[in-house]
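The stops below run from the whole chain down to single residues.

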Amino acid sequence: MDSNKILVTSALPYANGPLHIGHIAGAYLPADVFVRFSRMQKKDVVFICGSDEHGVPITITAEKEKVSPQVIIDRYHEMNKKTFEKLGISFDNYSRTSIETHHKTAQEIF
């Protein structure tokens with residue numbers, strides 16, 4: 001095991017609404033601090049996260065707004081991605097659970 005190689009991820013926010021301070025303080029800021037500290041120690045760190053585009057919360061929001069779930073997903077994925085960028089959260093990759101790579105990787109694991 002190479003202790004200089006670290007993979008970090010955080011809870012994937014549902015793409016059904018904007019991020020709030022609880023999300024940031026509880027999940028993303030602590031991980032970001034750990035990643036930055038590890039990088040200062042010259043560790044090989046990859047920090048990944050992404051929008052969770054599956055689940056009931058998205059459907060409920062879409063039904064309330066009378067739009068398709070995809071409209072909600074696209075809106076909040078972009079909004080949350082921009083929020084992370086504005087806050088300087090240092091993801092190496094912020095993606096989506098709907099992409100083919102995610103599906104293949106999840107299938108390989110399970």
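Here is what to select, stop by stop.

**Before you start.** This is a predicted model, in which local features need pLDDT of at least 70 and side-chain atom pairs count only at pLDDT 80 or more, while totals for chains, interfaces and linings use all residues. Residues are numbered from 1 along each chain as its sequence is written, and side-chain values use heavy atoms, with hydrogens and water left out.

**Whole chain.** Show the cartoon. The protein chain has four helices and three strands, taken as DSSP runs (helices H or I, at least four residues; strands E, at least two) and numbered from the N terminus. Their order in sequence is β-α-β-α-α-β-α. The C-alpha trace spans about 50 × 35 × 20 Å along its principal axes. Of the 110 residues, 33% are buried (under 20% relative accessible area; exposed is over 50%, partly exposed in between; 1.4 Å probe, protein chains only).

**Helix H1.** Select residues 21-40. Helix H1 kinks by about 40 degrees at Tyr28, shortly before Pro30; the bend is the angle between axes fitted to the seven residues ending there and the seven starting there. Now show Ile24, Tyr28, Ala31, Asp32, Val35 and Ser38, which are buried. Their cover includes strand S1 (5-9), strand S2 (44-51) and helix H3 (69-87). Step just past H1 to Lys42, where phi is positive, about 65 degrees.

**H2 against H3.** Ile58, Thr61, Ala62 and Glu65 of H2 meet Pro69, Ile72, Ile73, Arg75 and Tyr76 of H3, where contact means heavy atoms within 4.5 Å. The residues of this contact divide into six nonpolar, one polar and two charged.

**His77.** Stay in H3 and select His77. Is His77 buried or exposed? His77 has a relative accessible area of 3%, so it counts as buried. Show Ala15, Ser51, Glu53, Tyr94, Ser95 and Arg96: His77 touches them, leaving aside residues up to four places away in sequence.

**Thr101.** Finish in helix H4, residues 100-109, at Thr101. Thr101 is exposed because its relative accessibility is 53%. Draw a C-alpha to C-alpha distance from Thr101 to Leu19: 25 Å in space, 82 residues in sequence.

How values were computed
Ala, Val, Leu, Ile, Met, Phe, Trp, Tyr, Cys and Pro count as nonpolar, Asp, Glu, Lys and Arg as charged, and the others, Gly among them, as polar.
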